[in-house]
Amino acid sequence: MSLAFISIRWLDFLDILLVAILMYQLYNLLKGTVAIRILLGILSLYLIWKLVEALKMELLDEILGQFIGVGVIALIIVFQQEIRRFLLIVGNRSILAQPRIRKKFGAWKWNDQKVEELNSKAIIKACFNMSKSKTGALIVISKDSELKYHASTGDQIDGIVSSNLLETIFFKNNPMHDGGVIIHANKIKAARCILPVSDNPKIHASYGLRHRAAVGITENSTAVAIIVSEETGEISFCKNGNLKHKLEIDELRSLLEREFKN
Ligand SMILES: Nc1ncnc2c1ncn2[C@@H]1O[C@H](COP(=O)(O)OP(=O)(O)OP(=O)(O)O)[C@@H](O)[C@H]1O
């Protein structure tokens with residue numbers, strides 16, 4: 001297509017469409033967080049700078065120019081968490097992350113080769129029993145990363161997953177029952193772990209720190225989390241920061257199988 005003074009190619013439409021999708025994803029990521037206000041602040045500053053530049057106000061132009069000059073580094077520091085989360089979402093949804101594709105390429109098998117298959121039956125049984133007895137629990141199951149930093153905040157266990165071990169850890173009188181358990185490669189790596197608490201405003205006010213910690217860790221990693229509520233016995237599942245509540249055992253089973261069946 002060609003107008004009198006500009007020529008527009010079909011690729012330009014694609015370019016605009018991709019930018020729109022990117023902006024929409026960015027908006028979704030930042031919606032309701034304090035980061036959106038910071039972004040608006042930066043945008044306002046940029047617009048003022050452009051105005052000052054057009055009006056040839058040299059002193060202000062110079063000061064704002066210097067400030068904007070280091071803007072990229074400042075942006076990376078200020079939006080560190082959001083950039084991390086964005087890249088995780090892109091990585092998780094990318095075609096290369098699909099297990100079937102990874103298996104086709106030998107080099108991409110580094111995770112699948114070593115990782116022991118998860119004993120999801122044991123986890124489901126423990127959750128069922130803890131739900132019945134209203135024992136609070138937070139179980140984080142990591143996929144590729146061992147979540148070493150978060151595991152180091154708790155007590156190291158390194159024991160093979162079993163329903164008895166999980167129930168013992170979360171038993172109310174056990175000093176280790178607080179915090180979260182981290183499972184990797186079918187091993188309970190650590191218990192009593194302190195996890196990042198999400199400030200996501202979408203989490204209903206009736207859910208407290210246990211659920212917020214599950215959202216926090218799954219927003220910042222590819223891990224999934226299971227929560228058993230001490231108050232109601234309700235079982236929830238969290239992935240990418242999204243909670244699914246009031247799960248029946250069969251639903252939990254199919255969610256775990258979908259995530260961890262090789
Ligand atoms: N940062 C954290 N990381 C891991 N676990 C945490 C963290 N903060 C709190 N918890 C756990 O959550 C428990 C408190 O849960 P709280 O009642 O606030 O949450 P909840 O989401 O309402 O869960 P419940 O329905 O079981 O009451 C603490 O005893 C502790 O075990």
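Is Arg 192 buried, partly exposed or exposed? Arg 192 is partly exposed, with a relative accessible area of 36%; buried denotes under 20% relative accessible area, exposed over 50%, and partly exposed the range in between (1.4 Å probe, protein chains only). The structure is a predicted model, in which local features need pLDDT of at least 70 and side-chain atom pairs count only at pLDDT 80 or more, whereas totals for chains, interfaces and linings use all residues. Residues are numbered from 1 along each chain as its sequence is written, and side-chain values use heavy atoms, with hydrogens and water left out.

The secondary structure of the protein consists of 12 helices and seven strands; helices (H or I, at least four residues) and strands (E, at least two) are DSSP runs, numbered from the N terminus. Of the 262 residues, 35% are buried. Among contacts between residues at least 6 apart in sequence, 57% join residues at least 24 apart, a contact being heavy atoms within 4.5 Å. The protein exposes about 16,600 Å², and carbon and sulfur atoms supply 62% of this area; accessible areas come from the Shrake-Rupley method with a 1.4 Å probe, and for residues only the protein chains shown count as cover.

Helix H12 (residues 249-260) has 12 residues, which should span 16 Å at 1.5 Å a residue, and its end C-alpha atoms are 16 Å apart, in agreement. The expected span of a helix is 1.5 Å times one less than its number of residues. Ile 249, Leu 252, Leu 255, Leu 256, Glu 259 and Phe 260 are the buried residues of H12. Seen down the helix axis, these buried residues fall within an arc of 125°, so they line one face of H12; the arc is that of the directions from the helix axis to the C-beta atoms. Asp 250 and Arg 258 are exposed on the other side of H12. The relative accessibility of Asp 250 is 55%, and this residue therefore counts as exposed. The cover over the buried residues of H12 includes helix H8 (120-132) and strands S1 (137-141), S5 (224-228), S6 (235-239) and S7 (242-244).

Helix H8 has 13 residues and reaches 18 Å from its first C-alpha to its last, close to the 18 Å expected. Its buried residues are Ser 120, Ala 122, Ile 123, Ile 124, Ala 126, Cys 127 and Met 130. They pack against S1, helix H10 (163-170), strand S3 (180-184), S5, S6 and H12. The C-alpha atoms of Ile 124 and Asp 250, 126 residues apart along the chain, are separated by 9.1 Å.

Positive phi values occur at several positions. Just after H8, Lys 134 has a positive phi of about 50°. Arg 192, in strand S4 (residues 187-193), has a positive phi of about 60° although it is not a glycine. Asn 240, in the loop between S6 and S7, has a positive phi near 50° and is partly exposed, with a relative accessible area of 34%.

The ligand is surrounded by 17 residues, the closest being Asp 178, Leu 195, His 211, Ser 229 and Glu 230; a residue is near a molecule if one of its heavy atoms lies within 4 Å of it. Helix H11 (residues 209-219) gives the most to this shell, with four residues. A polar backbone atom of Leu 195 is 2.9 Å from a nitrogen atom of the ligand. Taken alone the ligand exposes 630 Å², of which the protein buries 78%.

Key
Polar contact = N/O pair within 3.5 Å; in protein donor to acceptor, adjacent residues only side chain to side chain.
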